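Here's a quick tour for anyone opening this structure for the first time. Have a look at it, and then we'll go through a few spots together.

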Amino acid sequence: MSEEKKNFDPIRGPEEETTFSAQPVEETAPAEEEFTVLTPEGEDRRPVTDRQYMKNRDENYVDFSALAQAEDELHRLKEEYGIEDKQGIIVRTINRYYEWKDNRTKHLVSKKLYLILNILLGWCGGHRFYERRWLLGLFYLAFFWTGFPAMMCAVDLFVVIPIKADENGKILI
């Protein structure tokens, strides 16, 4: 009985003794080949798997592990030879803005007067002129008719209210 259980396959049934098929059995996926990518110094990198099976099945197939490895190698070579990536105009503009924001001169102003000017004359940039930010004040003044400066005044108000004033009632903006 134990020998009977040993030769029993639940899908095919009991195994028969010398039964061979004349047709070859097709493999669903061929065995994966492995090859090693060598760096210019001759070092071995992590093994990359060849996915010829997927490439043959789908012409749009992308092997992301090989792509990531090639990108890592490109970054390493750029660092090694001192090549810097050229930044696009959007990235440069954003970087310039944050550099300006971090390095701009801040002014000491009275919190009470700033809030009063924001509420009464904020729509035309009165609080920005008091803060000595002339270009922003002119922007508010030029576009007051659109309502955009009024919305920005509300934002300015919510930014300034939580700022703690010093013993003289001044804040650094």
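Let's start with helix 8, where P149, C153, D156 and V160 are buried. They sit on the same side of helix 8 because they cover an arc of only 60° around its axis. Keep in mind that this is a predicted model.

**More on helix 8**

- Helix 8 runs over residues 148-160, which makes 13 residues.
- From its first C-alpha to its last, helix 8 reaches 18 Å, close to the 18 Å expected at 1.5 Å a residue.
- Turn to the other side of helix 8 and you'll find M151 and F158, both exposed.
- What do the buried residues of helix 8 pack against? Their partners are helix 5 (111-121), helix 6 (126-130), helix 7 (134-142) and strand 6 (170-172).

**The nonpolar core**

- V160, one of the buried residues of helix 8, also belongs to the largest nonpolar core.
- As a rule, nonpolar side chains tend to be buried together in soluble globular proteins.

**Cysteines without a bond**

- How many disulfides does a search of the whole structure find? The count is zero.
- A disulfide is a covalent bond between the sulfur atoms of two cysteines.
- Take C153, on the buried side of helix 8: the closest cysteine sulfur, in C124, is 8.3 Å from its own, so the two are too far apart for a bond.
- The cut-off for a disulfide is sulfur atoms within 2.5 Å.
- Are these two cysteines buried or exposed? C124 counts as buried at 14% relative accessibility, and C153 counts as buried too, at 6%.

**The chain as a whole**

- There are eight helices and six strands in the chain.
- Read along the sequence, they follow the pattern α-β-β-β-β-α-α-α-β-α-α-α-α-β.
- Of the chain's 173 residues, 18% count as buried.
- Looking at contacts between residues at least 6 apart in sequence, 43% join residues at least 24 apart.
- The chain's accessible surface comes to about 14,700 Å², and 58% of that belongs to carbon and sulfur atoms.

Terms used
Residues are numbered from 1 along each chain as its sequence is written. This is a predicted model: local features need pLDDT of at least 70, side-chain atom pairs count only at pLDDT 80 or more; totals for chains, interfaces and linings use all residues. Side-chain values use heavy atoms; hydrogens and water are left out. A nonpolar core is a set of buried Ala, Val, Leu, Ile, Met, Phe, Trp, Tyr and Cys residues joined through side-chain atoms within 4.5 Å. Buried means under 20% relative accessible area, exposed over 50%, partly exposed in between (1.4 Å probe, protein chains only). Helices (H or I, at least four residues) and strands (E, at least two) are DSSP runs, numbered from the N terminus. The expected span of a helix is 1.5 Å times one less than its number of residues. The arc is that of the directions from the helix axis to the C-beta atoms. Contact means heavy atoms within 4.5 Å. Accessible areas come from the Shrake-Rupley method with a 1.4 Å probe; for residues, only the protein chains shown count as cover.
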